[in-house]
Amino acid sequence: MKGFVITLDAVIAISFFLFAIIIITSQLYQPRSPNDLYLKELTLDTITVLVKTGGIDQAIEGNISSVQEVLQATPDLACMGITIYNSTGDVVASTVKSGCNYTVGLDMQAAAASERFNQENFMVQSESWFKAGSD
Amino acid sequence: MRGFVITLLAVSLVLILVMLSMSLSDTQLSTDRAIKDPLPLMYGAFLLDDVGHNLNSIVGPGMVFSETNSSTGISVADTLSGYNYTPAIVGYGAFLSDEIAPQTASSITTNLTNLTNGVTSLNMDGNYAYSNDHNQNVSIFTKAGGTGASAYFINATVTAVRTNVTPMAFTNGTMNVTIDITDINGTYMQSGSVSPDQQNTLVLYYSGASLTITVGPQGGNSGSLLMQALGTNAAVSWAAILPPLNSSDRIGYAYNATIDYAQGAVEKRCAIGE
């Protein structure tokens, strides 16, 4: 009987110790910018760069290389796709960062901006997500 | 009895740890929320900048602002011509509401009425007013109480043959004025100083047309700039050296048009460009 009590006491003590370790480990929290916030900033910055440098206008004219250059310059861990629509909803230009495939996930961020070119209105839509395994 | 006390202590410690864990977890979630809260605001700010940029590409003018400890600089490039941009801005307003808003799960309403009568009017740096009436081909830069401008640099290009000139009379005042006109005849330049409280006018005459540049009071506001092209078009650009901004003023511009943006809990109503 005494042996059983000692064993039970040891089991309870070890369980208590393990429980405490698990809780302490779970609290090793370091505040960081959430992924979606990072992606949103990246998306908006990329659109701004493309609009201000004339990359979107060139893409509307059929030269998508400037857009691809900017997309390639974004961080390796991020993927991004840019699609430009005209005012009737037709796709005028579209490209995805090389090495990336469209994936649907919780971290995908989308944004849209307007652009005026040759007295016409266009919509620039951007989607960004993390490369698989980069999170 | 001793066993019961030990068990009670162990259970109490575990409970304390659980409560501590829940508290820390809640703090962690609060921190995440605080970081993520600006997400819709970020897009709202981006969209408003984007709209200001595109509206500027429709109605102009080109503007550059600079600021030092002792002065503020405003440079404007515009045209004195009767172009009609009303269809473009009406179409752009509808495009924002009908195409951009649904894509961004937001509501966007613009009030561009004040820009559809051929007059571009905007507020610069909080207090300065600039308007370009494309019906009359006249632009005015002024400020209630006077601009305080210490210098103007004015350029204009007219594609016409100059027939006569009434030069600006310089009076050794406190405001320096440099004018450089380019037309088919070549270049006409003037440089000197004038009083900001007196009308100082340069008129260049062309065949059945004229370009008038006046620095001085406009509507009782000293140091203003008025440019008018009659019977011709002109591409104009000018820069003004102005007093430093008050601490409450911000460098920039805002059109006499408003935008209402709403996405979820984020609602923003402001002047476009602000």
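Biologist: How many bridges join strand 3 of chain B to strand 16 of chain B?

Modeller: This is a predicted model, in which local features need pLDDT of at least 70, side-chain atom pairs count only at pLDDT 80 or more, and totals for chains, interfaces and linings use all residues. Residues are numbered from 1 along each chain as its sequence is written, with chains lettered from A and ligands numbered from 1 in the order in which they are written. Strands (E, at least two residues) and helices (H or I, at least four) are DSSP runs numbered from the N terminus. Strand 3 and strand 16 (residues 258-263) of chain B run antiparallel, and the number of bridges joining them is five.

Biologist: Which strands are the edge strands of this sheet?

Modeller: The open sheet has three strands in the order 3-16-17 (chain B), with antiparallel pairing; two strands pair if DSSP finds at least two bridges between them. Those that pair on one side only are strand 3 (107-111) and strand 17 (266-271) of chain B.

Biologist: Which helix packs on the sheet?

Modeller: The helix touches strand 16 and strand 17 of chain B, and its direction makes about 155° with that of strand 16 of chain B. Such angles run from 0 to 180 degrees between N-to-C directions, and axes are lines fitted to C-alpha atoms, for helices over the stretch in contact. The packing element is helix 2 of chain B.

Biologist: How are helix 2 of chain A and helix 2 of chain B oriented to each other?

Modeller: The axes of helix 2 (residues 35-52) of chain A and helix 2 (residues 38-59) of chain B come within 10 Å and cross at roughly 5°. Angles under 35 degrees count as roughly parallel, over 145 as roughly antiparallel, 65 to 115 as roughly perpendicular and the rest as oblique. The two helices are therefore roughly parallel.

Biologist: Which residues of helix 2 of chain B meet helix 2 of chain A?

Modeller: Residues are in contact if their C-beta atoms, placed from the backbone, lie within 7 Å. From helix 2 of chain A come D36(A), L37(A), K40(A), E41(A) and L44(A); they meet L39(B), M42(B), Y43(B) and F46(B).

Biologist: Which element gives the largest share of the side of chain B that touches chain A?

Modeller: In total, 28 residues of chain B are in contact with 27 residues of chain A. Two or more residues on the chain B side come from each of helix 1 (2-36), helix 2 and helix 3 (86-103) of chain B. The largest share, ten residues, is that of helix 1 of chain B.

Technical notes
Two residues are in contact if their C-beta atoms, placed from the backbone, lie within 7 Å.
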